[in-house]
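Student: Could you walk me through how to read the inside and the surface of a protein model?
Tutor: Let us look at one together.

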Amino acid sequence: MPELIEPTMALRDSWLESSREWGSETQHGSGLHETDEVGTVKGFAAWIERLKSEGDETRELAPGRVPAAYWWIVDDGNYAGAITLRYRLNDKLLDGGGHIGYGIRPSARGRGLASWALGAVLDRARARGLERVLVTCDDDNLASARTIERNGGVLEDVRETWLGLTRRYWITL
């Protein structure tokens, strides 16, 4: 059975395997920045610590960042993807990024993990007191659109954003 866990050094090898699968694709929901040096043990540990610290609403974050929680989707002991819950939106996220971002490694797709993880994070958003959340996906990502719709997403619009042509869905909690 899948589970959501905090990012951990214990799954570094599985995460690196997944990263090779992604290739040049963006790993949505992972919190990975171009400046993160995840190829070394020290850099990977620093990235994990940054992810954990971004959930602390008392800390000052880098410009443009908002407090967020990151979880790894683990299936049968292996890293299968990541999902993020942003506690609030800034203008950029309202336009295109949303409250929740997620990504499933290519070899784990098609098994319902994204839908399961989104449902689990919606429960966590509700527990935080959020009344509705914005979830977005690329306009041509029909699998993600179906995942969002299965979890109650109502399409507000499709617009050109900083991410490209983007579907914007609201989910009432």
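Predicted model: local features only at pLDDT ≥ 70, side-chain atom pairs only at ≥ 80, totals over all residues.

Tutor: Residues are numbered from 1 along each chain as its sequence is written, and side-chain values use heavy atoms, with hydrogens and water left out.

Student: Which residues touch the most other members of the largest nonpolar core?
Tutor: A nonpolar core is a set of buried Ala, Val, Leu, Ile, Met, Phe, Trp, Tyr and Cys residues joined through side-chain atoms within 4.5 Å, where buried means under 20% relative accessible area, exposed over 50% and partly exposed in between (1.4 Å probe, protein chains only). Here the largest core has 28 residues, and I83 and I100 touch the most other members. Helix α4 gives the most to this core, with eight residues.

Student: Is L85 buried or exposed?
Tutor: L85, which lies in strand β3, is buried, because its relative accessible area is 0%. Contact means heavy atoms within 4.5 Å, and, leaving aside neighbours within four places in sequence, the contacts of L85 include A69, W71, I100 and V121. The C-alpha atoms of L85 and A69 are separated by 5.3 Å, although these residues are 16 apart along the chain.

Student: Where is L155 placed?
Tutor: L155 belongs to strand β6, residues 154–161 (helices, H or I with at least four residues, and strands, E with at least two, are DSSP runs numbered from the N terminus). L155 counts as partly exposed because its relative accessibility is 39%.
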